[in-house]
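Trainee: I have a new model open and want to learn how to read it. Where do we start?
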Amino acid sequence: MTLAGLFLEELEALVAEWGEPAYRGRQIFDWVHHQGVLDPSEMTNLPVSLRQRLEPMRSTEVRRLSSADGLTTKLLFRLHDGQEIEAVEMNTRTGRKTVCVSTQAGCAMGCVFCVTGQFGFARNLDAGEVVEQVLRFNSAERPVTNIVFMGMGEPLANYDQTLRAIRLMTHPRGMRLGARRITVSTSGVVPAMRRLAAEGLQVGLAVSLHSPHDQLRSDLMPINRRWPIAEVVGAADHYADVTGRRVSYEYTLMAGVNDSDELADDLAALLRGRLCHVNLIPLNPNEDVSLHAPSTDRALAFEARLRQAGISATIRVNRGRDIQAACGQLRLAEKKGRPLPLGEGRGEGRSSAVTAPSPALRATSPTGRGVAV
Ligand code: SAH
Ligand code: SF4
């Protein structure tokens with residue numbers, strides 16, 4: 001476990017093993033979670049020998065890119081074993097500062113429209129590696145106000161570390177974030193959604209739906225073959241019942257695939273009467289996936305149709321596109337060895353966990369290569 005993933009009592013036990021008094025553990029916890037100091041050499045009230053013992057537990061920041069408007073910043077980290085992950089900070093002019101965190105290096109789910117999904121799965125992050133992503137954006141002048149678990153990976157497939165990270169972020173001696181300001185996004189890991197409902201936490205739940213039809217959803221998201229729409233929506237209803245919180249459905253709009261009036265109507269029929277909100281996200285295009293975002297008119301028409309049917313819906317604006325910082329859009333440029341504005345690119349092979357696309361999807365590909373490459 002990396003340093004930022006340890007609770008107070010665990011730090012006390014760790015330093016005790018090294019022959020240090022328990023209060024050293026409290027000092028470390030305060031440095032990390034309250035002061036946001038991750039570099040042990042800056043923990044000036046600790047003995048040098050202790051600082052040195054803590055040193056190898058850190059990840060390093062490889063690159064920091066800001067969007068042209070300065071509101072969005074993407075950070076690339078190298079973890080102690082060489083894995084690389086990204087986190088994104090999104091500011092609004094009203095003072096809200098949302099950090100989008102990754103929970104896994106890669107992802108095993110293989111959604112055909114998702115860049116992370118194309119890489120396959122490398123490993124789970126530990127809670128410290130998740131918390132660090134937030135701490136690196138947190139400052140006394142501009143504190144982080146919201147967290148979304150919408151970066152690389154499926155948070156509910158790394159359940160224990162995700163929960164641990166949430167408990168650390170909300171710790172009364174640490175960043176003290178309100179659980180209501182944290183949103184966990186899932187592709188629909190039904191048993192874990194039900195388990196989350198039982199935690200007694202007030203975290204928000206976002207469910208990636210992308211289609212009201214099982215056939216199409218299975219083509220887009222292989223996980224639907226394991227837990228189909230009825231089970232996913234049932235688990236989301238249960239979450240809303242238990243927590244009293246409105247569930248968000250994420251619906252990534254893909255031109256000619258899931259953006260028709262008919263699908264809007266079927267989506268409205270599926271969600272009618274449920275405590276929920278639909279976030280429509282025009283696809284962030286990338287050259288590896290032969291799918292496209294719909295026109296603005298089409299996206300607006302889809303939204304209007306949902307609203308007319310009484311479903312709460314909004315179109316989410318893609319931000320930070322110029323730095324490939326949109327959620328679910330991470331890591332590609334680096335892994336492809338494409339030159340970046342800052343620093344060097346690295347050429348590295350990639351493996352795809354994606355199965356061959358269905359004929360229905362292949363038909364949407366102008367290149368004839370299919371959706372997944
Ligand atoms: N694995 C989780 C959380 C990370 S993905 C999940 O799937 O919910 C966060 C969101 O980004 C999901 O709703 C996902 O469907 C969406 N997403 C992934 N790739 C995208 C793309 N290229 N364009 C738009 N949204 C995308
Ligand atoms: Fe994984 Fe989410 Fe991407 Fe699907 S959309 S591959 S679940 S990160």
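**Reading the ligand sites, a pocket and some single residues**

Mentor: Start with one contact. A nitrogen atom of ligand 1 is 3.3 Å from an N or O atom in the side chain of Thr252. Keep in mind that this is a predicted model.

Trainee: How much of ligand 1 does the protein bury?

Mentor: Ligand 1 taken alone exposes 530 Å², and the protein buries 95% of that.

Trainee: Which other polar atoms does ligand 1 approach, in side chain or backbone?

Mentor: One of each. An oxygen atom of ligand 1 sits 2.7 Å from an N or O atom in the Ser185 side chain. A nitrogen atom of ligand 1 is 3.1 Å from a polar backbone atom of Phe113.

Trainee: How many residues surround ligand 1, and which are closest?

Mentor: The shell counts 21 residues, and the closest are Gly153, Ser185, Ser208, His210 and Asn284. By class, 8 are nonpolar, 11 polar and 2 charged. Strand E8 (182-186) and strand E10 (247-253) each supply at least two residues of this shell.

Trainee: Which residues are around ligand 2?

Mentor: Cys107, Met109, Gly110, Cys111, Cys114, Gly117, Gly153 and Ser187. This shell has 4 nonpolar and 4 polar residues, and no charged ones.

Trainee: Is His210 buried or exposed?

Mentor: Buried, because its relative accessibility is 3%. Arg176 also has a positive phi, near 55 degrees. Arg176 belongs to the loop between helix H6 (159-169) and E8.

Trainee: Now pockets. How is empty space found?

Mentor: Rolling a probe the size of a water molecule over the atoms shows where empty space is left. Take the second largest pocket here: its volume is about 250 Å³.

Trainee: How many residues line the second largest pocket, and which lie nearest its centre?

Mentor: The lining has 14 residues, with His34, Asn138, Ser139, Ala140 and Met175 nearest the centre. By class, 6 are nonpolar, 7 polar and 1 charged.

Trainee: What about a whole helix? How many residues of H5 are buried?

Mentor: Count residue by residue. In helix H5 (residues 127-135), 9 of 9 residues are buried. Among them are two glutamates, Glu129 and Glu132. Check the helix start as well: a side-chain oxygen of Asp126 reaches to within 2.9 Å of the backbone nitrogen of Gly128.

Trainee: Glu84 is another glutamate. Is Glu84 buried or exposed?

Mentor: Glu84 counts as buried because its relative accessible area is 3%, and the cut-off is under 20%. Glu84 lies in strand E3. Its side chain makes a polar contact of 3.1 Å with the side chain of Arg78. Then look along the chain: Glu84 and Ala122 are 38 residues apart, yet their C-alpha atoms are separated by 10.0 Å.

Trainee: Show me the opposite case. Why does Thr94 count as exposed?

Mentor: Thr94 counts as exposed because its relative accessibility is 75%. Thr94 sits in the loop between strand E3 (84-91) and strand E4 (97-100). A polar contact of 2.7 Å joins the side chains of Thr94 and Thr92.

Definitions and conventions. Residues are numbered from 1 along each chain as its sequence is written. Chains are lettered from A and ligands numbered from 1 in the order in which they are written. This is a predicted model: local features need pLDDT of at least 70, side-chain atom pairs count only at pLDDT 80 or more; totals for chains, interfaces and linings use all residues. Side-chain values use heavy atoms; hydrogens and water are left out. A residue is near a molecule or strand if one of its heavy atoms lies within 4 Å of it. A polar contact is a pair of N or O atoms within 3.5 Å; within protein, one must be able to donate a hydrogen and the other to accept it, and residues adjacent in sequence count only if both atoms are side-chain atoms. Accessible areas come from the Shrake-Rupley method with a 1.4 Å probe; for residues, only the protein chains shown count as cover. Helices (H or I, at least four residues) and strands (E, at least two) are DSSP runs, numbered from the N terminus. Ala, Val, Leu, Ile, Met, Phe, Trp, Tyr, Cys and Pro count as nonpolar, Asp, Glu, Lys and Arg as charged, and the others, Gly among them, as polar. On a 1 Å grid over the protein atoms alone, a cavity is a set of points where a 1.4 Å probe fits but cannot get out, and a pocket is an open set with protein on both sides within 12 Å along at least five of seven lines; lining residues have an atom within 4 Å of a point. Grid points are joined across faces, edges and corners, and a volume is the space filled by probe spheres set on the points. Buried means under 20% relative accessible area, exposed over 50%, partly exposed in between (1.4 Å probe, protein chains only).
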